[in-house]
Amino acid sequence: MVEKRIENGTPLGMWGQVGIDFDEASLQQMLIACGLPVATSAALMPDAHVGYGLPIGGVLATRDAVIPYAVGVDIACRMKLSVLDLPASALDSDHERARLARALERETVFGVGGAQSVPVQHDVLDRDWSVSPVTSRFKDKAREQLGTSGSGNHFVEFGVLEVTASPVATTPGASPTDEALPGVGSAVGGSGWRWNLPPGRYLALLSHSGSRGTGAQVCQHYSDVALRLTGASLPKEAKRLAWLPLESTEGREYWEAMNLMGEYAAANHAVIHRKVVRALGAEVIAGVENHHNFAWKERHPDSDGTLRDVIVHRKGATPAGAGVMGVIPGSMQLPGFVVVGKGQPESLHSASHGAGRQLSRTKAREQFRFGTVRKQLEREGITVLSAGADESPGAYKDIHRVMSMQTDLVDVIARFQPKIVKMAPEGEKAED
(Lines give C-alpha, C1' and ligand atoms only; values in the text may rest on other atoms or scores of the structure.)
Protein backbone atom coordinates (compact mmCIF):
# COMPACT_ATOMS: atom_id res chain seq x y z
CA MET A 1 0.00 0.00 0.00
CA VAL A 2 1.38 3.37 -0.97
CA GLU A 3 -0.82 5.60 1.14
CA LYS A 4 -3.66 5.58 3.63
CA ARG A 5 -5.70 8.62 4.43
CA ILE A 6 -8.91 9.49 6.22
CA GLU A 7 -11.45 11.33 4.11
CA ASN A 8 -14.58 12.63 5.83
CA GLY A 9 -14.02 10.03 8.53
CA THR A 10 -13.72 7.18 6.00
CA PRO A 11 -10.36 5.34 5.83
CA LEU A 12 -9.05 5.05 2.26
CA GLY A 13 -6.17 2.77 1.29
CA MET A 14 -4.46 3.41 -2.04
CA TRP A 15 -2.34 0.97 -3.99
CA GLY A 16 -0.62 3.19 -6.52
CA GLN A 17 0.49 6.77 -6.96
CA VAL A 18 -1.57 9.66 -8.28
CA GLY A 19 -0.22 10.77 -11.64
CA ILE A 20 1.57 7.47 -12.21
CA ASP A 21 -0.88 4.63 -11.61
CA PHE A 22 -4.13 6.60 -11.72
CA ASP A 23 -5.08 10.20 -12.43
CA GLU A 24 -6.41 12.89 -10.16
CA ALA A 25 -9.94 12.52 -11.55
CA SER A 26 -10.09 8.87 -10.39
CA LEU A 27 -8.92 9.85 -6.93
CA GLN A 28 -11.49 12.64 -6.76
CA GLN A 29 -14.27 10.17 -7.61
CA MET A 30 -13.06 7.97 -4.76
CA LEU A 31 -12.94 10.88 -2.33
CA ILE A 32 -16.50 11.86 -3.23
CA ALA A 33 -17.58 8.27 -2.49
CA CYS A 34 -15.79 8.41 0.87
CA GLY A 35 -17.95 11.41 1.76
CA LEU A 36 -21.22 9.51 1.46
CA PRO A 37 -23.04 9.23 4.80
CA VAL A 38 -23.33 5.45 4.31
CA ALA A 39 -19.59 4.92 3.56
CA THR A 40 -17.47 3.10 6.16
CA SER A 41 -14.14 2.35 4.39
CA ALA A 42 -12.64 2.33 0.91
CA ALA A 43 -9.70 1.29 -1.23
CA LEU A 44 -8.32 2.24 -4.64
CA MET A 45 -6.53 -0.35 -6.78
CA PRO A 46 -3.49 0.32 -9.02
CA ASP A 47 -5.51 -0.25 -12.22
CA ALA A 48 -7.95 2.56 -11.34
CA HIS A 49 -9.43 4.87 -13.95
CA VAL A 50 -12.51 7.08 -14.17
CA GLY A 51 -15.91 5.39 -14.24
CA TYR A 52 -19.54 6.30 -13.64
CA GLY A 53 -19.97 7.17 -9.97
CA LEU A 54 -17.23 5.00 -8.49
CA PRO A 55 -13.97 4.75 -10.42
CA ILE A 56 -13.07 1.45 -12.06
CA GLY A 57 -10.73 -0.12 -9.52
CA GLY A 58 -12.67 1.38 -6.63
CA VAL A 59 -13.72 -0.59 -3.54
CA LEU A 60 -16.32 0.88 -1.19
CA ALA A 61 -17.87 -0.53 1.98
CA THR A 62 -21.22 0.84 3.09
CA ARG A 63 -23.55 0.30 6.01
CA ASP A 64 -27.06 -1.00 5.21
CA ALA A 65 -26.98 0.36 1.66
CA VAL A 66 -26.20 -0.80 -1.87
CA ILE A 67 -25.18 1.57 -4.68
CA PRO A 68 -26.09 0.36 -8.19
CA TYR A 69 -23.45 2.50 -9.94
CA ALA A 70 -20.80 1.36 -7.45
CA VAL A 71 -21.54 -2.15 -8.71
CA GLY A 72 -21.52 -1.05 -12.32
CA VAL A 73 -23.42 -1.54 -15.56
CA ASP A 74 -21.99 -4.95 -16.46
CA ILE A 75 -23.08 -6.67 -13.26
CA ALA A 76 -20.91 -9.62 -12.18
CA CYS A 77 -18.52 -9.32 -15.10
CA ARG A 78 -15.96 -12.06 -14.58
CA MET A 79 -12.93 -14.05 -15.66
CA LYS A 80 -13.00 -17.79 -16.28
CA LEU A 81 -9.93 -19.89 -17.06
CA SER A 82 -10.10 -23.55 -18.07
CA VAL A 83 -6.95 -25.65 -18.37
CA LEU A 84 -7.29 -28.29 -21.09
CA ASP A 85 -5.82 -31.75 -21.48
CA LEU A 86 -4.28 -30.68 -24.82
CA PRO A 87 -0.54 -29.96 -24.88
CA ALA A 88 0.68 -26.35 -24.91
CA SER A 89 2.78 -27.33 -27.93
CA ALA A 90 -0.47 -27.36 -29.97
CA LEU A 91 0.02 -23.61 -30.30
CA ASP A 92 3.32 -24.24 -32.11
CA SER A 93 1.64 -26.31 -34.83
CA ASP A 94 0.02 -24.47 -37.75
CA HIS A 95 -2.55 -27.24 -38.13
CA GLU A 96 -3.52 -27.32 -34.43
CA ARG A 97 -3.45 -23.54 -34.16
CA ALA A 98 -5.90 -23.31 -37.07
CA ARG A 99 -8.14 -25.85 -35.33
CA LEU A 100 -8.16 -23.80 -32.14
CA ALA A 101 -8.93 -20.63 -34.08
CA ARG A 102 -11.86 -22.31 -35.86
CA ALA A 103 -13.31 -23.37 -32.51
CA LEU A 104 -13.30 -19.75 -31.31
CA GLU A 105 -14.77 -18.48 -34.58
CA ARG A 106 -17.58 -21.06 -34.65
CA GLU A 107 -18.48 -21.38 -30.99
CA THR A 108 -18.42 -17.77 -29.73
CA VAL A 109 -20.78 -14.84 -30.34
CA PHE A 110 -19.63 -11.22 -30.05
CA GLY A 111 -21.10 -7.81 -30.73
CA VAL A 112 -23.64 -5.38 -29.32
CA GLY A 113 -26.94 -7.20 -29.08
CA GLY A 114 -25.21 -10.43 -30.05
CA ALA A 115 -27.45 -13.46 -29.48
CA GLN A 116 -27.46 -17.18 -30.16
CA SER A 117 -29.07 -18.28 -33.43
CA VAL A 118 -30.38 -21.26 -31.47
CA PRO A 119 -30.85 -20.56 -27.72
CA VAL A 120 -28.90 -22.85 -25.40
CA GLN A 121 -30.02 -24.40 -22.15
CA HIS A 122 -28.60 -23.89 -18.67
CA ASP A 123 -30.03 -24.36 -15.18
CA VAL A 124 -29.86 -20.60 -14.56
CA LEU A 125 -32.96 -20.24 -16.72
CA ASP A 126 -34.85 -22.35 -14.17
CA ARG A 127 -34.16 -19.84 -11.40
CA ASP A 128 -36.86 -17.44 -10.18
CA TRP A 129 -36.65 -14.54 -12.65
CA SER A 130 -39.62 -12.79 -11.02
CA VAL A 131 -37.41 -11.37 -8.23
CA SER A 132 -37.54 -8.03 -10.05
CA PRO A 133 -39.83 -6.58 -12.72
CA VAL A 134 -36.69 -5.96 -14.79
CA THR A 135 -35.48 -9.56 -14.75
CA SER A 136 -39.02 -10.75 -15.46
CA ARG A 137 -39.29 -8.45 -18.46
CA PHE A 138 -35.87 -9.32 -19.88
CA LYS A 139 -35.74 -13.06 -19.29
CA ASP A 140 -36.34 -13.80 -22.97
CA LYS A 141 -33.49 -11.50 -23.94
CA ALA A 142 -31.28 -13.20 -21.37
CA ARG A 143 -32.19 -16.58 -22.84
CA GLU A 144 -31.19 -15.40 -26.34
CA GLN A 145 -27.87 -13.97 -25.11
CA LEU A 146 -26.87 -16.86 -22.85
CA GLY A 147 -23.38 -18.01 -23.82
CA THR A 148 -22.39 -14.79 -25.62
CA SER A 149 -19.65 -12.25 -24.98
CA GLY A 150 -20.85 -8.83 -26.11
CA SER A 151 -18.29 -6.16 -26.90
CA GLY A 152 -15.86 -3.71 -25.29
CA ASN A 153 -13.04 -5.40 -23.40
CA HIS A 154 -14.72 -8.80 -23.45
CA PHE A 155 -12.78 -11.62 -25.05
CA VAL A 156 -12.30 -15.35 -25.44
CA GLU A 157 -8.73 -16.52 -26.06
CA PHE A 158 -6.33 -19.44 -26.02
CA GLY A 159 -2.92 -19.12 -24.48
CA VAL A 160 -0.04 -20.80 -22.72
CA LEU A 161 -0.39 -21.14 -18.96
CA GLU A 162 2.89 -21.46 -17.06
CA VAL A 163 2.24 -22.79 -13.56
CA THR A 164 4.98 -21.92 -11.10
CA ALA A 165 3.43 -22.86 -7.74
CA SER A 166 0.46 -24.55 -6.14
CA PRO A 167 -2.19 -22.61 -4.22
CA VAL A 168 -2.43 -23.00 -0.48
CA ALA A 169 -5.97 -23.42 0.81
CA THR A 170 -6.49 -21.40 3.98
CA THR A 171 -10.22 -22.05 4.35
CA PRO A 172 -10.82 -24.76 6.99
CA GLY A 173 -11.47 -28.12 5.37
CA ALA A 174 -10.54 -26.95 1.89
CA SER A 175 -7.89 -28.41 -0.38
CA PRO A 176 -6.52 -27.47 -3.80
CA THR A 177 -8.62 -30.22 -5.39
CA ASP A 178 -11.98 -28.96 -4.11
CA GLU A 179 -14.50 -28.05 -6.80
CA ALA A 180 -14.97 -24.65 -5.18
CA LEU A 181 -12.93 -23.07 -2.45
CA PRO A 182 -15.34 -21.06 -0.27
CA GLY A 183 -14.23 -17.47 -0.30
CA VAL A 184 -15.43 -13.96 -0.86
CA GLY A 185 -18.48 -14.11 -3.10
CA SER A 186 -18.41 -17.86 -3.70
CA ALA A 187 -22.15 -18.07 -3.17
CA VAL A 188 -22.72 -16.39 -6.53
CA GLY A 189 -21.04 -18.66 -9.01
CA GLY A 190 -17.54 -17.33 -8.67
CA SER A 191 -14.34 -17.12 -6.66
CA GLY A 192 -14.27 -20.90 -6.95
CA TRP A 193 -11.50 -23.13 -8.23
CA ARG A 194 -10.49 -26.65 -9.00
CA TRP A 195 -6.72 -26.76 -9.21
CA ASN A 196 -4.27 -29.60 -8.78
CA LEU A 197 -1.58 -28.77 -11.32
CA PRO A 198 2.14 -29.39 -10.92
CA PRO A 199 4.46 -26.70 -12.29
CA GLY A 200 4.65 -26.77 -16.07
CA ARG A 201 3.19 -25.45 -19.33
CA TYR A 202 -0.48 -26.00 -20.24
CA LEU A 203 -2.94 -24.99 -22.92
CA ALA A 204 -5.70 -22.84 -21.41
CA LEU A 205 -8.88 -21.06 -22.45
CA LEU A 206 -9.61 -17.66 -20.87
CA SER A 207 -12.78 -15.58 -21.16
CA HIS A 208 -14.00 -12.21 -19.90
CA SER A 209 -17.62 -11.07 -20.07
CA GLY A 210 -20.61 -10.44 -17.83
CA SER A 211 -24.39 -10.27 -17.65
CA ARG A 212 -24.98 -8.67 -21.05
CA GLY A 213 -28.06 -6.63 -21.84
CA THR A 214 -30.17 -7.82 -18.94
CA GLY A 215 -27.53 -6.83 -16.39
CA ALA A 216 -27.32 -3.38 -17.97
CA GLN A 217 -31.08 -2.97 -17.70
CA VAL A 218 -31.00 -3.93 -14.01
CA CYS A 219 -28.30 -1.33 -13.37
CA GLN A 220 -30.08 1.44 -15.26
CA HIS A 221 -33.48 0.83 -13.67
CA TYR A 222 -32.27 0.69 -10.08
CA SER A 223 -29.84 3.58 -10.54
CA ASP A 224 -32.82 5.70 -11.56
CA VAL A 225 -34.77 4.42 -8.53
CA ALA A 226 -31.85 5.21 -6.21
CA LEU A 227 -31.59 8.70 -7.64
CA ARG A 228 -35.23 9.34 -6.77
CA LEU A 229 -34.95 7.83 -3.28
CA THR A 230 -31.66 9.25 -2.00
CA GLY A 231 -30.14 11.34 -4.78
CA ALA A 232 -32.00 14.57 -4.02
CA SER A 233 -29.88 15.26 -0.94
CA LEU A 234 -26.57 14.63 -2.73
CA PRO A 235 -24.44 17.27 -4.44
CA LYS A 236 -24.33 17.13 -8.25
CA GLU A 237 -20.95 15.37 -8.36
CA ALA A 238 -22.22 12.56 -6.11
CA LYS A 239 -25.62 11.86 -7.64
CA ARG A 240 -24.41 8.76 -9.50
CA LEU A 241 -23.61 7.33 -6.07
CA ALA A 242 -27.22 7.43 -4.92
CA TRP A 243 -27.98 4.32 -2.86
CA LEU A 244 -30.81 1.99 -2.04
CA PRO A 245 -31.46 1.21 1.64
CA LEU A 246 -30.84 -2.52 1.80
CA GLU A 247 -34.03 -3.25 3.76
CA SER A 248 -36.26 -1.22 1.48
CA THR A 249 -38.43 -2.96 -1.10
CA GLU A 250 -36.32 -1.47 -3.88
CA GLY A 251 -33.08 -2.44 -2.15
CA ARG A 252 -34.20 -6.03 -1.70
CA GLU A 253 -35.33 -6.21 -5.34
CA TYR A 254 -32.00 -4.92 -6.59
CA TRP A 255 -30.06 -7.28 -4.34
CA GLU A 256 -31.96 -10.30 -5.63
CA ALA A 257 -31.65 -9.14 -9.23
CA MET A 258 -27.92 -8.49 -8.83
CA ASN A 259 -27.37 -11.97 -7.41
CA LEU A 260 -29.38 -13.50 -10.25
CA MET A 261 -27.18 -11.59 -12.70
CA GLY A 262 -24.18 -13.10 -10.92
CA GLU A 263 -25.49 -16.58 -11.61
CA TYR A 264 -26.36 -15.60 -15.17
CA ALA A 265 -22.87 -14.22 -15.88
CA ALA A 266 -21.34 -17.42 -14.53
CA ALA A 267 -23.67 -19.41 -16.78
CA ASN A 268 -22.55 -17.33 -19.78
CA HIS A 269 -18.98 -18.43 -19.22
CA ALA A 270 -19.94 -22.01 -18.49
CA VAL A 271 -21.73 -22.24 -21.85
CA ILE A 272 -18.89 -20.57 -23.76
CA HIS A 273 -16.29 -22.92 -22.30
CA ARG A 274 -18.51 -25.97 -22.72
CA LYS A 275 -19.06 -25.24 -26.42
CA VAL A 276 -15.43 -24.47 -27.25
CA VAL A 277 -14.01 -27.41 -25.29
CA ARG A 278 -16.57 -29.81 -26.79
CA ALA A 279 -15.74 -28.62 -30.32
CA LEU A 280 -12.11 -29.58 -29.69
CA GLY A 281 -12.96 -32.96 -28.16
CA ALA A 282 -10.96 -31.91 -25.10
CA GLU A 283 -11.38 -32.19 -21.34
CA VAL A 284 -10.96 -29.56 -18.63
CA ILE A 285 -8.38 -30.63 -16.04
CA ALA A 286 -8.35 -27.50 -13.86
CA GLY A 287 -9.91 -24.09 -13.67
CA VAL A 288 -10.52 -20.89 -11.76
CA GLU A 289 -13.20 -18.20 -11.92
CA ASN A 290 -13.65 -14.86 -10.20
CA HIS A 291 -15.86 -11.83 -10.66
CA HIS A 292 -15.92 -8.06 -10.23
CA ASN A 293 -18.63 -5.39 -10.61
CA PHE A 294 -20.56 -6.78 -7.67
CA ALA A 295 -21.52 -6.14 -4.05
CA TRP A 296 -20.95 -8.66 -1.27
CA LYS A 297 -22.23 -8.88 2.30
CA GLU A 298 -19.08 -9.26 4.42
CA ARG A 299 -17.75 -8.63 7.92
CA HIS A 300 -14.84 -6.23 8.30
CA PRO A 301 -13.35 -4.47 11.32
CA ASP A 302 -14.57 -0.96 12.07
CA SER A 303 -12.20 1.84 13.15
CA ASP A 304 -12.26 0.49 16.70
CA GLY A 305 -11.50 -3.07 15.52
CA THR A 306 -15.03 -4.39 16.01
CA LEU A 307 -16.28 -6.64 13.22
CA ARG A 308 -19.24 -5.08 11.44
CA ASP A 309 -21.54 -6.29 8.68
CA VAL A 310 -21.01 -4.14 5.60
CA ILE A 311 -21.74 -4.18 1.88
CA VAL A 312 -18.49 -4.24 -0.10
CA HIS A 313 -18.77 -2.90 -3.64
CA ARG A 314 -15.93 -3.96 -5.96
CA LYS A 315 -16.24 -2.04 -9.22
CA GLY A 316 -13.46 -3.28 -11.46
CA ALA A 317 -11.79 -4.88 -8.45
CA THR A 318 -11.66 -8.57 -7.62
CA PRO A 319 -12.03 -10.51 -4.35
CA ALA A 320 -8.66 -11.38 -2.78
CA GLY A 321 -9.54 -12.91 0.56
CA ALA A 322 -6.99 -15.24 2.13
CA GLY A 323 -6.78 -18.35 -0.08
CA VAL A 324 -9.20 -17.02 -2.70
CA MET A 325 -7.97 -17.65 -6.25
CA GLY A 326 -8.52 -15.36 -9.19
CA VAL A 327 -7.30 -14.28 -12.61
CA ILE A 328 -5.93 -10.80 -13.33
CA PRO A 329 -5.59 -10.25 -17.11
CA GLY A 330 -3.16 -7.92 -18.85
CA SER A 331 -3.93 -7.23 -22.52
CA MET A 332 -3.98 -9.17 -25.77
CA GLN A 333 -0.20 -8.69 -25.82
CA LEU A 334 0.91 -8.81 -22.18
CA PRO A 335 0.28 -11.74 -19.83
CA GLY A 336 -2.39 -12.27 -17.23
CA PHE A 337 -1.79 -13.90 -13.85
CA VAL A 338 -3.47 -16.55 -11.74
CA VAL A 339 -3.28 -15.33 -8.16
CA VAL A 340 -4.14 -16.31 -4.61
CA GLY A 341 -5.39 -13.59 -2.26
CA LYS A 342 -3.68 -12.70 1.00
CA GLY A 343 -6.71 -11.17 2.75
CA GLN A 344 -5.29 -7.68 3.25
CA PRO A 345 -7.75 -5.92 5.64
CA GLU A 346 -7.02 -2.39 4.41
CA SER A 347 -7.89 -3.33 0.83
CA LEU A 348 -11.13 -4.91 2.09
CA HIS A 349 -9.73 -8.24 0.81
CA SER A 350 -9.50 -6.90 -2.75
CA ALA A 351 -7.05 -6.66 -5.66
CA SER A 352 -7.07 -5.17 -9.15
CA HIS A 353 -9.23 -6.81 -11.82
CA GLY A 354 -6.80 -6.20 -14.68
CA ALA A 355 -4.28 -3.75 -16.09
CA GLY A 356 -6.75 -0.86 -16.38
CA ARG A 357 -7.03 1.62 -19.23
CA GLN A 358 -4.55 4.43 -19.69
CA LEU A 359 -6.22 5.80 -22.84
CA SER A 360 -9.91 6.44 -23.38
CA ARG A 361 -11.54 4.58 -26.25
CA THR A 362 -11.69 7.78 -28.30
CA LYS A 363 -7.99 8.50 -27.80
CA ALA A 364 -7.06 4.90 -28.54
CA ARG A 365 -8.96 5.00 -31.83
CA GLU A 366 -7.19 8.25 -32.71
CA GLN A 367 -3.76 6.88 -31.86
CA PHE A 368 -3.87 3.30 -33.23
CA ARG A 369 -4.74 1.64 -36.51
CA PHE A 370 -5.68 -1.90 -35.73
CA GLY A 371 -4.39 -3.35 -38.97
CA THR A 372 -0.93 -2.17 -37.95
CA VAL A 373 -1.35 -3.41 -34.37
CA ARG A 374 -2.50 -6.83 -35.60
CA LYS A 375 0.60 -7.22 -37.80
CA GLN A 376 2.86 -6.30 -34.89
CA LEU A 377 1.17 -8.88 -32.66
CA GLU A 378 1.40 -11.52 -35.38
CA ARG A 379 5.17 -11.04 -35.41
CA GLU A 380 5.11 -11.79 -31.67
CA GLY A 381 3.19 -15.02 -32.23
CA ILE A 382 -0.22 -13.61 -31.22
CA THR A 383 -3.13 -14.09 -33.63
CA VAL A 384 -6.04 -11.66 -33.29
CA LEU A 385 -9.14 -13.01 -34.99
CA SER A 386 -11.13 -9.82 -34.42
CA ALA A 387 -10.88 -6.71 -32.24
CA GLY A 388 -11.03 -2.93 -32.47
CA ALA A 389 -8.41 -0.19 -32.24
CA ASP A 390 -9.85 0.89 -28.87
CA GLU A 391 -8.66 -2.44 -27.44
CA SER A 392 -5.08 -2.06 -28.68
CA PRO A 393 -2.50 -3.14 -26.09
CA GLY A 394 -1.22 0.43 -25.90
CA ALA A 395 -4.59 1.55 -24.52
CA TYR A 396 -3.80 -0.35 -21.31
CA LYS A 397 -1.42 0.19 -18.43
CA ASP A 398 1.61 -2.03 -17.98
CA ILE A 399 0.31 -5.09 -16.13
CA HIS A 400 3.78 -5.72 -14.69
CA ARG A 401 3.67 -2.33 -12.96
CA VAL A 402 0.13 -3.01 -11.71
CA MET A 403 1.16 -6.36 -10.25
CA SER A 404 4.25 -4.87 -8.60
CA MET A 405 2.01 -2.45 -6.71
CA GLN A 406 -0.09 -5.19 -5.09
CA THR A 407 2.37 -7.80 -3.88
CA ASP A 408 0.84 -7.44 -0.42
CA LEU A 409 -2.59 -8.30 -1.82
CA VAL A 410 -1.94 -11.43 -3.90
CA ASP A 411 0.61 -14.14 -4.64
CA VAL A 412 1.14 -15.13 -8.28
CA ILE A 413 1.06 -18.87 -8.97
CA ALA A 414 0.77 -18.93 -12.77
CA ARG A 415 1.23 -16.74 -15.86
CA PHE A 416 -1.09 -16.79 -18.88
CA GLN A 417 0.26 -15.58 -22.26
CA PRO A 418 -2.44 -14.93 -24.90
CA LYS A 419 -1.83 -16.57 -28.29
CA ILE A 420 -5.18 -16.60 -30.17
CA VAL A 421 -7.57 -13.76 -29.32
CA LYS A 422 -11.16 -13.05 -30.32
CA MET A 423 -13.07 -9.89 -29.40
CA ALA A 424 -15.91 -7.88 -30.91
CA PRO A 425 -14.99 -6.51 -34.35
CA GLU A 426 -13.94 -2.95 -35.12
CA GLY A 427 -16.71 -0.38 -34.80
CA GLU A 428 -18.81 -2.06 -32.11
CA LYS A 429 -20.00 0.09 -29.21
CA ALA A 430 -18.38 -0.95 -25.94
CA GLU A 431 -20.60 -2.83 -23.48
CA ASP A 432 -18.03 -3.36 -20.70
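Student: How many bridges join strand 7 to strand 19?
Tutor: In this predicted model, nine bridges join strand 7, which covers residues 155-163, to strand 19, and the two strands run antiparallel.

Student: And which residue of strand 19 does Phe-158 stand opposite?
Tutor: Phe-158 stands opposite Ile-420 in strand 19.

Student: OK, what about strand 16 and strand 19, parallel or antiparallel?
Tutor: Strand 16, made of residues 336-341, runs antiparallel to strand 19 and is joined to it by six bridges; within strand 19, Val-410 is the bridge partner of Gly-341.

Student: Then how does strand 18 run relative to strand 19, parallel or antiparallel?
Tutor: Strand 18 and strand 19 run parallel, with three bridges joining them, and Val-384 stands opposite Val-421 of strand 19.

Student: Switching topic, which residues are buried in helix 9?
Tutor: In helix 9, which runs over residues 370-379, the buried residues include Phe-370, Val-373 and Leu-377. They cover an arc of only 55 degrees around the axis, which puts them on the same side of the helix.

Student: What do the buried residues of helix 9 pack against?
Tutor: They pack against strand 18, residues 383-386, whereas on the other side of helix 9 Lys-375 and Arg-379 are exposed.

Methods
Residues numbered from 1 in each chain as written. Predicted model: local features only at pLDDT ≥ 70, side-chain atom pairs only at ≥ 80, totals over all residues. Heavy atoms only, no water. Buried < 20%, exposed > 50% of the residue type's maximum accessible area, 1.4 Å probe, protein only. Helix = DSSP H or I, 4+ residues; strand = E, 2+ residues; numbered from the N terminus. Arc of directions from axis to C-beta. Contact = heavy atoms within 4.5 Å. Pairing = 2+ DSSP bridges.
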